[in-house]
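Take it topic by topic, and pick out the residues on screen as you go.

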Amino acid sequence: MLEFENVSKSFWTGTQRKVILDRVSFRVELGRSIGILAPNGTGKTTLVNMMAGLEKPDEGEIRRGCKISFPLGFMGGVITKHTAMENSRYIARLYGLDPDYVEAFCRWLCGLGEYFDQPLGTYSSGMRARFTFALLLALDFDMYLIDEGMPNSTDVEFNRKAGEILRERLRTTTIIIVSHQAETLERFAASAAVLVNGKLQMFDTLEEAKQLYDYETQG
């Protein structure tokens with residue numbers, strides 16, 4: 001279970017205060033994946049980071065009653081001067097998992113070949129995205145947080161394997177995915193919410209959420 005109760009979050013941009021959440025309350029139960037539609041610039045990444053505990057609310061309370069992943073693409077837990085092999089084994093130990101398994105899983109899914117033994121700082125953005133996504137799936141969570149869908153990769157084999165694993169995870173875990181495109185959510189969630197102007201409105205179906213989202217963003 002993940003629950004927000006009267007949560008508010010805002011930033012000072014230098015000229016005005018930007019409101020991300022304004023006394024927002026919602027609850028996500030295990031076994032019910034959800035998509036959140038939000039326009040670009042409204043604070044999607046901030047919302048996901050708050051779910052993961054990487055950012056604190058200004059007001060309100062966030063309750064986590066299960067194991068929640070770090071956001072897809074989050075690089076805060078890895079060390080760029082170390083190799084993917086070293087990072088995968090280090091993260092495995094932090095989570096109390098078998099380092100040999102996590103390393104082998106990441107090697108297999110990434111498909112980076114000899115680059116897996118090179119420092120992450122030498123990777124392209126696509127290679128880093130593949131590694132962090134593989135690391136996310138190698139770990140054991142009850143809820144997975146995804147910001148804007150699958151990593152941006154042109155590697156066909158990686159996309160195939162990652163997509164299959166993610167679809168399998170949908171059967172046993174819960175996914176919270178945030179995007180500005182409804183099409184991104186369709187693969188993962190039946191129910192959805194809309195975040196606009198600091199307010200989050202929940203819907204039983206993605207179609208209902210799309211109707212409000214289109215109205216709010218297209219006038």
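Where is the place of Glu-103? Glu-103 sits in helix H3. Please keep in mind that this is a predicted model. The points below begin with that residue, then turn to helices, a pocket and some backbone angles.

**Glu-103 and its surroundings**
- The relative accessible area of Glu-103 is 14%, which is under the 20% cut-off, so this residue counts as buried.
- Apart from neighbours within four places in sequence, Glu-103 is in contact with Met-85, Ser-88, Arg-89 and Phe-116.

**How H3 meets H5**
- Helix H3 covers residues 99–110 and helix H5 covers residues 156–169; the two pack at an angle of about 130°, and their axes are 8 Å apart.
- The two helices, H3 and H5, are therefore oblique to each other.
- On the H3 side, the contact is made by Phe-105, Trp-108, Leu-109 and Cys-110, while H5 brings Phe-158, Lys-161, Ala-162 and Ile-165.
- By class, the residues of this contact are 7 nonpolar, no polar and 1 charged.

**Helix H1**
- In helix H1 (residues 44–52), 7 of the 9 residues are buried, so the helix is largely enclosed by the rest of the structure.
- Those buried residues are Lys-44, Thr-46, Leu-47, Val-48, Asn-49, Met-50 and Met-51.
- Just after H1 comes Gly-53, which has a positive phi of about 90°.

**The largest pocket**
- The largest pocket holds about 200 Å³ of space.
- It is lined by 16 residues, and the closest to its centre are Phe-70, Phe-74, Gly-77, Ile-91 and Tyr-95.
- Helix H2 (84–94) and helix H4 (125–138) are the elements that give two or more residues to this lining.
- Sorted by class, the lining of the largest pocket has 12 nonpolar, 4 polar and no charged residues.

- Most residues other than glycine have a negative phi.
- Asn-6 is not a glycine, yet it has a positive phi of about 50°.
- This residue, Asn-6, is found in strand S1 (residues 2–12), and its 43% relative accessibility makes it partly exposed.
- Asn-197 is not a glycine either, and its phi is positive at about 55°.
- The loop between strand S7 (191–196) and strand S8 (199–203) is where Asn-197 is found.
- With 66% relative accessibility, Asn-197 counts as exposed.

Technical notes:
Residues numbered from 1 in each chain as written. Predicted model: local features only at pLDDT ≥ 70, side-chain atom pairs only at ≥ 80, totals over all residues. Heavy atoms only, no water. Axes fitted to C-alpha atoms, helices over the stretch in contact; angles between N-to-C directions. Helix = DSSP H or I, 4+ residues; strand = E, 2+ residues; numbered from the N terminus. Parallel < 35°, antiparallel > 145°, perpendicular 65-115°, else oblique. Contact = heavy atoms within 4.5 Å. Nonpolar A, V, L, I, M, F, W, Y, C, P; charged D, E, K, R; others polar. Buried < 20%, exposed > 50% of the residue type's maximum accessible area, 1.4 Å probe, protein only. 1 Å grid on protein atoms, 1.4 Å probe; cavity = no way out; pocket = protein on both sides within 12 Å on 5 of 7 lines; lining within 4 Å. Points joined across faces, edges and corners; volume = space filled by probe spheres on them.
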